[in-house]
Amino acid sequence: MSDHDENHEEQAGDDHEGHHEPHREEFHHDPIAHAEARAGMTVGELVGEYGNAGIGAADLHEAVDIYAEMLDDDVTNFFGLAGAMVPTGMRRIVADLIRDGHIDALVTTGANLTHDAIEAIGGKHHHGAEESEGKSMREHDEQLRDEQVDRIYNVYLPQEHFALFESHLREEVFTVLEEEGAVSIQRLTEELGRANNEVNAEEGIEEGAGIAAAAYENDVPVYCPAVQDSVLGLQAWMYSQTSDFTLDALSDMTGITDLAFEAEKSGAMVVGGGVPKNYTLQTMLVAPQAYDYAVQLTMDPPQTGGLSGATLDEARSWGKLEKAARNASVYADATITLPLVVAAAREKAGE
């Protein structure tokens with residue numbers, strides 16, 4: 001046996017006998033456990049089990065923990081809502097959060113406000129097959145075009161509801177605002193909420209009055225920075241061609257930045273990406289502080305460099321989040337994760 005082999009054998013024996021372990025500065029002994037799923041569990045109990053697991057389950061568990069803290073009364077909450085969240089059935093969740101005082105400012109798309117109003121005044125979205133039996137997707141969509149039905153993945157909307165929406169805007173919303181001249185987009189959404197609420201009640205619509213109406217009733221401002229990118233925006237533009245009605249987009253900045261300035265603690269719940277996400281986060285660039293909490297629900301990956309998938313840690317580098325902010329990103333379909341996060345956080349917060 002060589003001297004090298006003898007030395008190696010001696011060192012190995014010492015390590016065995018002394019039980020020496022390497023110094024692991026970043027390591028915490030918190031082993032993965034196996035999640036349990038059983039009948040009768042509450043949503044909070046199930047998400048608690050997620051905390052024993054890894055990857056997306058662990059991320060969702062952390063998001064719930066953070067959002068539960070955000071539901072505290074002393075946190076000013078900004079809520080960014082992008083994507084087809086209203087037509088896919090997430091409308092009531094957001095409206096209830098507003099009514100319960102958990103949203104202090106909503107930033108959303110003109111599309112979500114359009115679909116919200118359609119339901120408020122009697123229209124409905126419908127389940128539908130992704131394609132007709134024996135037909136290609138193209139043939140299926142051509143058939144829907146002939147039948148005057150619009151498709152959002154597996155959600156269908158008859159086009160006559162857009163005609164109903166146009167009449168609603170012209171008779172109940174634009175005529176009131178026309179007398180005020182140039183108004184902010186937030187003023188438009190406020191008037192839309194009032195009109196949705198009144199028509200819904202007067203006509204006894206089975207479906208609730210929805211998000212804009214809840215915001216109007218609870219004095220929660222609704223911002224829609226890309227309103228032009230929607231049927232609501234198209235209708236507003238067409239009405240402006242023959243009237244004094246017009247929108248002043250820059251005036252919205254005052255209200256939302258004032259809210260950020262006055263907040264002692266603030267949190268951002270960001271569902272989806274795009275303009276609502278950036279508009280929500282960029283507000284803190286002109287405020288003395290940044291977000292103390294942030295949760296993001298998205299399907300967009302960060303590797304593309306696009307804003308929609310950008311991590312909240314990246315937002316910290318811009319000063320949109322405090323250095324010590326608690327934040328979590330969950331990469332999954334928000335129609336699955338939003339109900340889970342909200343229900344579990346409410347349970348954890350004792351609601």
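In the predicted model, Asp116 forms a salt bridge with Arg91, the closest N and O atoms lying 2.7 Å apart; a salt bridge is here a side-chain nitrogen of Lys or Arg within 4 Å of a carboxyl oxygen of Asp or Glu. This pair links distant parts of the chain, since Asp116 belongs to helix 5 (residues 110-120) and Arg91 to helix 4 (residues 86-99), 25 residues apart. Helices (H or I, at least four residues) and strands (E, at least two) are DSSP runs numbered from the N terminus. Both Asp116 and Arg91 are buried, where buried denotes under 20% relative accessible area, exposed over 50%, and partly exposed the range in between (1.4 Å probe, protein chains only). Side chains of opposite charge can pair when their charged atoms come close.

Because the model is predicted, local features need pLDDT of at least 70 and side-chain atom pairs count only at pLDDT 80 or more, whereas totals for chains, interfaces and linings use all residues. Residues are numbered from 1 along each chain as its sequence is written, and side-chain values use heavy atoms, with hydrogens and water left out.

The chain contains 14 helices and 11 strands. Its C-alpha trace spans about 100 × 60 × 40 Å along the principal axes. Of the 351 residues, 43% count as buried. Among contacts with a separation of 6 or more, 75% come from residues 24 or more positions apart, a contact being heavy atoms within 4.5 Å. The chain exposes about 18400 Å², of which carbon and sulfur atoms supply 48%; accessible areas come from the Shrake-Rupley method with a 1.4 Å probe, and for residues only the protein chains shown count as cover.

Charged side chains comprise 21 positive and 67 negative ones, and the centres of the two sets lie 5 Å apart. In this count Lys and Arg are positive and Asp and Glu negative, while His and the chain ends are not counted; the place of a charge is taken as NZ of Lys, CZ of Arg, CG of Asp or CD of Glu. By the rule stated above, the count comes to 22 salt bridges. One of the pairs joins Glu142 and Arg138, at 3.0 Å from N to O. These two residues are separated by about one helical turn because they stand 4 residues apart in helix 6 (residues 137-146). Glu142 is partly exposed, at 39% relative accessibility, and Arg138 is exposed, at 64%. In helix 13, Arg316 and Asp313 are 3 residues apart, about one turn of the helix, and their side chains meet in a salt bridge of 2.8 Å, N to O. Asp313 is partly exposed, with a relative accessibility of 48%. A network of salt bridges links Glu180, Arg187, Glu190, Glu191, Arg194 and Glu198.

Lys320 presents a contrasting case. This residue is buried yet has no salt bridge, and the nearest side chain of opposite charge, Glu314, is 7.1 Å away. Lys320 occupies the loop between helix 13 (312-318) and strand 11 (321-331). Residues up to four places away in sequence aside, Lys320 touches Asn278, Leu281, Gln282, Met284, Leu285, Ala290, Tyr291 and Ala315.

Glu178 lies in helix 7 (residues 160-178) and is partly exposed, with a relative accessible area of 27%. Beyond its neighbours within four places in sequence, Glu178 is in contact with Tyr239, Ser243, Asp244 and Phe245. Although Glu178 and Tyr239 are 61 residues apart along the chain, their C-alpha atoms are separated by 9.4 Å. Thr257, in helix 11 (residues 252-262), is buried at 14% relative accessibility. With neighbours within four places in sequence again left aside, Thr257 is in contact with Thr283 and Val286.

Most residues other than glycine have a negative phi. Tyr153, which is not a glycine, has a positive phi of about 55°; Tyr153 is in the loop between strand 4 (149-152) and strand 5 (155-158) and is exposed, at 53% relative accessible area. Asp219 likewise has a positive phi, near 55°. The loop between helix 9 (211-217) and strand 7 (222-223) holds Asp219, which is exposed at 69% relative accessibility. On the surface, Leu234, Trp237 and Met238 form a nonpolar patch with about 310 Å² of accessible area together, and Trp237 is placed in helix 10 (residues 231-240). Patches are made of residues with over 30% relative accessible area and no salt bridge, like charges being joined within 9 Å and nonpolar side chains (Val, Leu, Ile, Met, Phe, Trp, Tyr) within 5 Å.
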